[in-house]
Structure formats: structure tokens, C-alpha cells
Amino acid sequence: MKNIWRVLSRGLRRRCPRCGEGPLFRRGIKAWERCSQCGLLYERNYGDTWMYTIITDRIPIFAGIVAWYFGFRAMNWVGATLFFVAMAVPLVLTIPHRQGLAIALDYLSRVYFPDPSDEIHGGTPVHRANADD
Ligand SMILES: [Zn+2]
């Protein structure tokens, strides 16, 4: 359990979930393919982190739902605008952290639900032709 929290906090700090050293992103949320320190492949297949991205997107939205549930109501356009800004700004500012958390969650699923073809469990390392550089 302690290891799970350590892996998740590395993701939130935008660091490699395995070693905690290598950066996840080069610019904004454009992820490196591998950790520069330990060589971990961050995303085995394109879209592997998509489900976790969806889940982490719901965390800030959930805060707004809780505020609404406990009786927050905008009484005028100023209140409505402030509520929208209070929801939107954290949603945008935490994108890299939530994306890092998504990569960390995907890494945990790879550790706890091992696939023998995954290189972290002895499978063949993936080599990709990088067309986007
Ligand atoms: Zn690493």
C-alpha cells in the first residue's frame, strides 16, 4: 500500500512512476516515450492511459458537484462566473499532474495485473519509430 502511494505521488509530481527520477513530459503534456533514468516505457500501447485520464478528469468536476450538493447556488451572473472560473482554472492547471497520475495508475495496473509480453515482466522490449519528432 505504501508503494502504491509512492508510485501515485511520483505521477502527481510528473516523474517516472517506477524510479521517481526521470521526467514524464518534455513540453506541457507531451510525454517522453521512456524514462531517461530507468528506461521504463511509459505507455505500452497508444491509449493505454486513456481510461485513467477520464477518471482523473472527474476529480475536479466532483468538487463542483459536492459544492452544489451542499447548497451552493449562484444567485447572479457574478456568482455563476466565479463558480465557473473556480471549476475551470483548477481543471486546466492540474492537467499535467492528472496526466502523470494517469500514467502512474497505468503503471500500477501493469505491475499488479502482469502481462508476460510486457517488458517489465520479461517480455520483448518495444521499439517504436518516432514519427512525431
Ligand atoms: Zn524511471
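Modeller: Confidence comes before the details. The model is predicted, and among the elements of the protein, H4 has the highest mean pLDDT, 94. Strand S2, residues 30-31, has the lowest, 84. For the protein as a whole the mean pLDDT is 88, and 96% of the residues reach 70 or more. Where pLDDT is low, the predicted coordinates should not be read in detail.

Now the helix itself. H1 covers residues 2-12, and one partner to consider is H4, residues 95-112. Two packed helices are described by the angle between their axes and the distance between the axes. For H1 and H4, the axes come within 6 Å and cross at roughly 145°. The crossing of H1 past H4 is right-handed.

Which residues make this contact? From H1, the residues are Ile4, Val7, Leu8, Arg10, Gly11 and Leu12. From H4, they are His97, Gly100, Leu101, Ile103, Ala104, Tyr107 and Leu108. Sorted by type, the residues of the contact of H1 with H4 comprise 9 nonpolar, 3 polar and 1 charged.

Next, which residues of H1 are buried? They are Val7, Arg10 and Gly11. Seen down the axis of H1, these buried residues fall within an arc of 100°, so they line one face of the helix. An α-helix has 3.6 residues a turn, so residues three or four places apart point the same way. H4 is part of what covers the buried residues of H1. On the other side of H1, Lys2, Trp5 and Arg6 are exposed.

Arg10 deserves a separate look. This residue lies in H1 and has 23 other C-beta atoms within 10 Å. A residue is buried when that number is 20 or more, so Arg10 counts as buried. Leaving out residues up to four places away in sequence, Arg10 touches Arg15, Cys16, Pro17, Gly20 and Ala104. Ala104 is also one of the H4 residues in the contact with H1.

What follows the helix? H1 is followed by Arg14, which is found in the loop between H1 and strand S1 (25-27). The phi of Arg14 is positive, about 60°, although Arg14 is not a glycine. Arg14 has 18 C-beta neighbours inside 10 Å, so it counts as partly exposed.

To recap the picture of H1: one face holds the buried residues Val7, Arg10 and Gly11, and H4 is included in what covers them. The other side has Lys2, Trp5 and Arg6 exposed. After the helix comes Arg14 with its positive phi.

Technical notes: Residues are numbered from 1 along each chain as its sequence is written. This is a predicted model: local features need pLDDT of at least 70, side-chain atom pairs count only at pLDDT 80 or more; totals for chains, interfaces and linings use all residues. Axes are lines fitted to C-alpha atoms, for helices over the stretch in contact, and angles run from 0 to 180 degrees between N-to-C directions. Helices (H or I, at least four residues) and strands (E, at least two) are DSSP runs, numbered from the N terminus. A crossing is left-handed if the near helix is turned anticlockwise from the far one by less than a right angle, and right-handed if clockwise. Two residues are in contact if their C-beta atoms, placed from the backbone, lie within 7 Å. Ala, Val, Leu, Ile, Met, Phe, Trp, Tyr, Cys and Pro count as nonpolar, Asp, Glu, Lys and Arg as charged, and the others, Gly among them, as polar. A residue is buried if 20 or more other C-beta atoms lie within 10 Å of its own, exposed if 12 or fewer, and partly exposed in between; C-beta atoms are placed from the backbone. The arc is that of the directions from the helix axis to the C-beta atoms. pLDDT is the predictor's confidence in each residue, from 0 to 100.
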